[in-house]
Amino acid sequence: MNIQDTINELGLDVESLPRILSQRVATVEDLKSKVSLAETEVAENPSEESEAKLKEVKDYTDEYFKDA
């Protein structure tokens, strides 16, 4: 379950969240965007560099979700 699922399950509105939780939601959205961009880059221009970048972004995202 991710942060957004929990927010929805609890019936909370993102605008009414405390600042720290709003920041976490914004960070998750940013990370999801970065993963998508890195996946597109790998699909369009597969290289060791682009694949390493994708792995790095995914690893960081996984760690962030565990922490969150």
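Me: Which residue forms a salt bridge with D30?

Reply: This is a predicted model, in which local features need pLDDT of at least 70 and side-chain atom pairs count only at pLDDT 80 or more, while totals for chains, interfaces and linings use all residues. Residues are numbered from 1 along each chain as its sequence is written, and side-chain values use heavy atoms, with hydrogens and water left out. A salt bridge requires a side-chain nitrogen of Lys or Arg within 4 Å of a carboxyl oxygen of Asp or Glu. With the closest N and O atoms 3.3 Å apart, the partner of D30 is K34.

Me: In which helix do D30 and K34 both lie?

Reply: Helices are DSSP runs (H or I, at least four residues) numbered from the N terminus. D30 and K34 are four residues apart, about one turn of the helix, and both lie in helix 2.

Me: Is K34 buried or exposed, or does K34 fall in between?

Reply: Buried means under 20% relative accessible area and exposed over 50%, with partly exposed in between (1.4 Å probe, protein chains only). The relative accessibility of K34 is 43%, so K34 counts as partly exposed.

Me: How far apart are the closest N and O atoms of D59 and K55?

Reply: D59 and K55 are four residues apart in helix 3, so about one helical turn separates them. They form a salt bridge, and the distance between the closest N and O atoms is 2.7 Å.

Me: What is the angle at which helix 2 and helix 3 pack?

Reply: Axes are lines fitted to C-alpha atoms, for helices over the stretch in contact, and angles run from 0 to 180 degrees between N-to-C directions. The axes of helix 2 (residues 19-44) and helix 3 (residues 48-67) lie 9 Å apart, and the angle is about 155°. Helix 2 is therefore roughly antiparallel to helix 3, a term for angles over 145 degrees. The value asked for is thus about 155°.

Me: How many residues of the contact of helix 2 with helix 3 are charged?

Reply: Contact means heavy atoms within 4.5 Å, and the residues that meet include R24 in helix 2 and D67 in helix 3. Asp, Glu, Lys and Arg count as charged; Ala, Val, Leu, Ile, Met, Phe, Trp, Tyr, Cys and Pro as nonpolar; and the others, Gly among them, as polar. Ten residues of this contact are nonpolar and three polar, and the number charged is eight.

Me: Which residue of helix 2 does D67 pair with?

Reply: D67 forms a salt bridge whose closest N and O atoms are 3.4 Å apart. D67 lies in helix 3 and its partner in helix 2, so the pair ties together parts that are 43 residues apart in sequence. At 56% relative accessibility D67 counts as exposed. The partner, partly exposed at 24%, is R24.

Conventions. Helix = DSSP H or I, 4+ residues; strand = E, 2+ residues; numbered from the N terminus. Parallel < 35°, antiparallel > 145°, perpendicular 65-115°, else oblique.
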